[in-house]
Amino acid sequence: MEVLTKTCEECRKNFDVTPDELGMYEQVGVPVSDQCFRCRSKQQLAFWIFGKFRKGKSDLSGQSLITVLPPKVRYPVYTAKEWFSDDWEAVAMDYDPGKPFLTQLKELQEKVPRPHQTGENNVQCDWCDDVWECKNCYLSRSMIHCEDVSYGYRILRVKDSLDITYCYDTERSYDCTYCFNCFNLQYSFNCRNAINGKFLFDCRNVQDCFMCWNLRNKQYCILNQQYSKEEYQKKIAEYRFGSYQAIQSLKDEWQRNIQDEAVHRENFNVKVTASHGNYLTNCNRCVNAFYWEDSENSYNVIRGVKTKNIIDVTGSWEMELSGNTADMVGGYQMKYSVWCQHCRYSEYLDLCVDCEYCFGCVGLKKKRYAILNKQYTKEEYEKLRDQIIESMKKDGSYGKFFPYDMAYSGYNVTQANIFFPETKENIEKLGGSWEDTEDVKAEGQSTSELPDAITEIDDSITTQALVCPETGYRFNIAPRELSFYREHSIPLPRFHPDKRTLNRLEKVSIISLSPYACFFCKKDIQAYYPLEWGYKKIACESCYQQNVA
Ligand SMILES: [Zn+2]
Ligand SMILES: [Zn+2]
């Protein structure tokens, strides 16, 4: 097979489909995409809400709930507990050959409830979403096995930490991004096995270090200079870490060091073979893959773990031989589906659990041979499914992902807007919608009036509402949070937690390459850093290995 060049039906740019991709499309049994990687990933990620937490009520029982779903939605919302119970049954519809199938599926979508929260088996995690087996967490999203975390995002086994984004196995830490196996780390990025550190970048196996980069196996370093234990402690004691102003200038200094002094690899991949993309760990033959772990033969994918033989997928945890899906947990031979758990041999499923051989269903549990949630015999199912596929082929909708108008919220409150920021106008042209943020000015204290140092803050702060100068959103300081700041000498945050998370995410949302010359050997390389970040020392893999690792 040769490389196939296609024109994206959405942005009209050309894109190449490699022989390996063509092979995978064939193996999975989905057609070659008509959209480029960017346009199809954007559409899939528009089904993954990154909304603001709000209070609401269950449409089943009236019970109060906390959700990231927007206040006005076109489907009922039940509490997750109610949703997983047997207290209701999903409505079924007859197929009408006179109407486009996806129009009917959208009608069904509007009759079937969605759970207020994604996740299961949590204790005291009401103000969280996409949360699994966690305890005492607050205003956090996308997390497994975490405890006592506030303002976390995409975290695994993190404990007793605040403002943590994309970190695993980390404890007692604050304001860290892309850090693994760390303890008592603050204001750091891309570190592994770091203990008692602040303002560290790309450090491995370090302890008691401050304002350092590219360090390996060190202790008592400041600005990459070695000190004795006594000198280090003396120097560190001179800093006013509890002062907001002092932290801002340290952050500026840290950024300058990252730009001018630190050596950067072309990507953040670890333990990969025959793979390319960014933020890959333990991957074999994962191509055009991002935020992907422990997987093989996975093509054109964003954010997933443990997959094999898949193509054109965003959000996946343990899936095999599937294509053009989003946000799936478990799954085998799944196509054009979204938010399903442990489903197999099915197409066009939304929010289904433990189903197989189903087509175009919503919110269905443990069913076989259903279409638009209606039960058929195996023979009836196969006949009707084939008839529907024929009609979809005629209207051009077969083999494509759910259209934008079937998403659960406005585009601006989804993951898509993080990776692919868009204007309201463009999204509406694509059939999507936009959440208009309320113009109501939140009442409360402006954070610019806060005393500079944490030592000047008294307990009454926990009863006050603070207003974020950027979003205008109100936020609070919880008593537990205040003790954390005091204990670790951290000034109070000035911005809303979502804004802080989004700022951290910006540094780990890069999925396109920029051209550079290796700082050392001058060879032409492609690296995942936008040119405007101004990184001066970007190294090819072998020069990085020689000079840093
Ligand atoms: Zn495109
Ligand atoms: Zn080089």
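1. Asn417 has its place in helix α8 (residues 416-419), where helices (H or I, at least four residues) and strands (E, at least two) are DSSP runs numbered from the N terminus. Asn417 is partly exposed, with 19 other C-beta atoms within 10 Å; a residue is called buried if 20 or more other C-beta atoms lie within 10 Å of its own, exposed if 12 or fewer, and partly exposed in between, the C-beta atoms being placed from the backbone. Leaving aside neighbours within four places in sequence, Asn417 is in contact with Tyr411, Asn412 and Glu422, contact being taken as C-beta atoms, placed from the backbone, that lie within 7 Å. The C-alpha atoms of Asn417 and Arg157 are separated by 27 Å, and these two residues are 260 apart along the chain.

2. On the basis of the model: this is a predicted model, in which local features need pLDDT of at least 70 and side-chain atom pairs count only at pLDDT 80 or more, whereas totals for chains, interfaces and linings use all residues. Residues are numbered from 1 along each chain as its sequence is written, while chains are lettered from A and ligands numbered from 1 in the order in which they are written.

3. Overall, the protein has twelve helices and 30 strands. The radius of gyration of the protein, taken over C-alpha atoms, is 25 Å, close to the 24 Å that the globule rule (2.2 Å times the number of residues to the power 0.38) gives for 549 residues, so the protein is as compact as a globular protein of that length. Its C-alpha trace spans about 80 × 60 × 40 Å along the principal axes. Buried residues account for 42% of the 549 residues, and among contacts between residues at least 6 apart in sequence, 33% join residues at least 24 apart.

4. An open sheet of ten strands runs in the order β7-β8-β9-β10-β11-β12-β13-β14-β15-β16 with mixed pairing, two strands being paired if DSSP finds at least two bridges between them. Its edge strands are β7 (128-132) and β16 (225-226), each of which pairs on one side only. Within this sheet, β11 (residues 174-177) and β12 (residues 183-189) run parallel and are joined by three bridges, with Thr177 standing opposite Phe189 in β12. Helix α11 (residues 497-506) lies across β9 (147-156), β10 (159-168) and β11, and runs at about 35° to β9; the axes here are lines fitted to C-alpha atoms, for helices over the stretch in contact, and angles run from 0 to 180 degrees between N-to-C directions.

5. Strands β15 and β16, in contrast, pair in the antiparallel sense over two bridges, with Gln226 in β16 as the bridge partner of Cys221. These two strands form a hairpin with two residues between them, and Leu223 in the turn has a positive phi of about 50°.

6. Two further backbone angles deserve a look. Tyr187, in strand β12, has a phi near 45°, a positive value in a residue other than glycine, and counts as buried with 23 C-beta neighbours inside 10 Å. Asn205, in strand β14, likewise has a positive phi, near 55°, but is partly exposed, with 15 other C-beta atoms within 10 Å.

7. In helix α4 (residues 101-111), Phe101, Leu102, Leu105 and Leu108 are buried. Seen down the axis of α4, the buried residues fall within an arc of 110°, so they line one face of the helix; the arc is that of the directions from the helix axis to the C-beta atoms. The buried residues of α4 pack against β21 (344-350), β22 (359-362) and α7 (378-395).

8. The largest nonpolar core has 71 residues, of which Phe47, Trp292, Cys340, Leu349, Cys352, Cys358 and Cys361 touch the most other members; such a core is a set of buried Ala, Val, Leu, Ile, Met, Phe, Trp, Tyr and Cys residues joined through C-beta atoms within 7 Å. Strand β19 (residues 276-329) gives the largest share of this core, 18 residues. A second, separate core of 49 residues includes Leu162, Tyr178, Leu200 and Trp254.

Note on methods: Two residues are in contact if their C-beta atoms, placed from the backbone, lie within 7 Å.
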